[in-house]
2 protein chains.
Amino acid sequence: MTLALLGGRPAFDKKLDIVRPVLPRLEALAPRFQEALASGQVTNMGPHSRALEAALAAYVGVKHCAVFCNGEAALIAMLQAARLPRGAEVITPAYTFSGTAHGIAQNGLVPVFADIHPETWTLDPADAEGRITSRTAAILAAPLYGNPADNDALADLAARRGVRLFFDSASGCGSRYGGRPLGGFGEAEMFSFHATKVYLTMEGGALCTNDPALFEAATMIRNFGKNGREADCEFVGFNGKMTEVCALVGLELLPGLDAVVEHRNRVAERYQQGLRGIPGLRHQRAQRGGVSSWLYYQFLVDEEAFGLTRDELIMALTAENLAARRFNFPCNHQLSCYRHLGTPPVLPAAEHVASHSVALPLYSDMTMDEVDRVTACVRAVHEERDAVRARLRRPVGVGA
Amino acid sequence: MTLALLGGRPAFDKKLDIVRPVLPRLEALAPRFQEALASGQVTNMGPHSRALEAALAAYVGVKHCAVFCNGEAALIAMLQAARLPRGAEVITPAYTFSGTAHGIAQNGLVPVFADIHPETWTLDPADAEGRITSRTAAILAAPLYGNPADNDALADLAARRGVRLFFDSASGCGSRYGGRPLGGFGEAEMFSFHATKVYLTMEGGALCTNDPALFEAATMIRNFGKNGREADCEFVGFNGKMTEVCALVGLELLPGLDAVVEHRNRVAERYQQGLRGIPGLRHQRAQRGGVSSWLYYQFLVDEEAFGLTRDELIMALTAENLAARRFNFPCNHQLSCYRHLGTPPVLPAAEHVASHSVALPLYSDMTMDEVDRVTACVRAVHEERDAVRARLRRPVGVGA
């Protein structure tokens, strides 16, 4: 193939976006949604939201599940419900979606950024342990785009050091660790069901826990902190309620989730095979004992071996009408909004992954042909690396 | 009529609830919603959310409008976007929905509760002025269930004392002041579009402002604080995005809003007429220069003149299958979650209204016959006050 960057026709006529959400058809929801519209019961924890909570609790295998308007609301409520002392430190991975850190800071807590494991890209338990001080109240770990963290090591660390353990599993619904679905680890765990996620409700999220007190507190916080004594509020809460129509989408998609995750694992395997042998690509390693739901397919680009930088590869793929993305760049410890915390720590693995990783699209309905065409593009970019480099790197100075 | 409490048949066979949301039929939304489901563009500020923002900005007459997942998210973002100094005081009415105070506290600011005007039940500008100190950063005023605050006096106060002015107009979309729709007062104003509101999107909210910097900041905060430089965040933001299906509901209902408000004013007038002459009822006064959207119909009950307490009237009406409610009881300055602020101030008007007010249902599709049947119930309760009192007040002590 002639690369589009070098004058060829783009490999994809229609853009292959970074996500392609698979949603139910309206017919599947219509009777129940029409009834909700007619009755006016379209929110405030109506029957469909309650049904989704029950279905999710059963799926995950936890005693309690509370659905939310989105994952960030579930995260903020989870940490508020945990009643961590104001101003305490919470250790969290530097390389993950910024919302993880924000959930800590939104609660008046201090995020302490720890490094990630260089292969799984999830929180490195050893680095986290090194950051525990007398001010540490909790660890907030996270799967990385579906890849579970080292949950056993984290549970062991939390128990040994007397630190509480929570999970921001925004990307984790459908993933597994130790044979169990994510959602049941630590004291509590939350999911995002945003349209970009493997399991989605358009917008939505959920908190899962076996702790009845934490659950009850979170449901109060979801409803402005109201404690059931009329207008009285036990917490400075907010509105975290899910709409009934989002719950209906979730109820439609949950029975198919495991099959979706299986398909995504086949797609990931196909990616791995298709990219095999291309020099300079280091693939994100699936967590030992874990099953990832593969939100994206990700690898690191080594400039010397591949012949181009990560950003040059992305530019060449973009020209093919193929969304290749860099995520979490900059890392959370380098975000402008955390400047007030002082000089950010040096976190080599997180910074390396942030500056060398590429995410490729991985859909619930992706065909193997699509995967093959994507991997062919990556291979072609490598093969044409000299021409691509010449095209992208303009000479320094005139006449040089 | 024989009151249900005294053995009669309830006045309403089907419960007359406190709200009866009027939503579009699914057919009106179906083609656009189905297209959104098929394309996967169901959130993240898609075309329908953008269209709703433009329509609302035009309706309100402001330069900028940002829609949110709910009103509380819009409020939290509004105050965060205002960049008030952390720990500063914000003066706010004690008698209003608790979410108003929470929006302040969620931002690490201190709510300072002020009293309300005893007739309009909205923030008393004189009492607010008396609470201004060197720590005061802003006033957060609010219409009370559709009834506008004394916006002119508040604008004058803010200008004279160099204090910033914002409005939590959760209940205010469709109301007017000085001939203009609420939404364009103070530095910024937000709405709730919750299913219980006069204008509704199932769940939703919006921020209206003429300040481009505040608007831009609020839209960043709505999207995790992202400032457009890839993953970098200028603010510790959250997810405040509205779903496309909620925006579609809003687009359907906005053209009819003024007619809805006119009808609700006719219903309120009918209530006033129907309750005329019943001793001991003091009706909430519409703000001078304002048009209320009448979320509920409200009055105070004077026990001596009416012959029963507020709570006894509510019990008698509840028996008629008619939702009569007390709201904001306790007041915000008395909420458990604000205990840490120290001994609450004594705010006579707010406390009196909280302990003497009744809210009656007022729907966008309420018939005059329904109103007449409700007012007949109130009148009958007054007429049978002695029997009701005897029924509800059990003798103190045995044989007394």
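How many residues does the contact take from chain B and from chain A? The contact takes 52 residues from chain B and 53 residues from chain A, two residues being in contact if their C-beta atoms, placed from the backbone, lie within 7 Å.

The model is predicted: local features need pLDDT of at least 70, side-chain atom pairs count only at pLDDT 80 or more, and totals for chains, interfaces and linings use all residues. Residues are numbered from 1 along each chain as its sequence is written, while chains are lettered from A and ligands numbered from 1 in the order in which they are written.

**Stop 1: the side of chain B that touches chain A**

Select helix 1 (26-39), helix 3 (71-81), helix 4 (98-105) and helix 8 (244-253) of chain B; each supplies at least two residues of the side that touches chain A. Helices (H or I, at least four residues) and strands (E, at least two) are DSSP runs, numbered from the N terminus. Helix 1 of chain B gives the most, with five residues. By class, this side of chain B has 26 nonpolar, 18 polar and eight charged residues. Ala, Val, Leu, Ile, Met, Phe, Trp, Tyr, Cys and Pro count as nonpolar, Asp, Glu, Lys and Arg as charged, and the others, Gly among them, as polar.

**Stop 2: the two chains together**

Superpose chain B on chain A: a turn of 180° and a shift of 0.0 Å along the axis give an RMSD of 0.0 Å. That is the relation of a two-fold axis. The superposition is by least squares on the C-alpha atoms of residues with pLDDT of at least 70 in both copies. Of the interface residues of chain B, 100% are also interface residues in chain A, so the copies meet through the same surface.

**Stop 3: the domains of chain A**

Next, select domain 1 (26-255) and domain 2 (257-392) of chain A, whose bounds come from an automatic or database domain assignment. Their C-alpha centres lie 26 Å apart. The contact takes 33 residues from domain 1 of chain A and 31 residues from domain 2 of chain A. On the side of domain 1 that touches domain 2, helix 4 (98-105) and strand 6 (176-177) of chain A are the elements that give two or more residues.

**Stop 4: a helix pair in chain B**

Finally, select V267(B), R270(B), Y271(B), G274(B) and L275(B) of helix 9 of chain B, with M368(B), V371(B), D372(B), T375(B) and V378(B) of helix 13 of chain B; these residues make the contact between the two helices. By class, this contact has six nonpolar, two polar and two charged residues.
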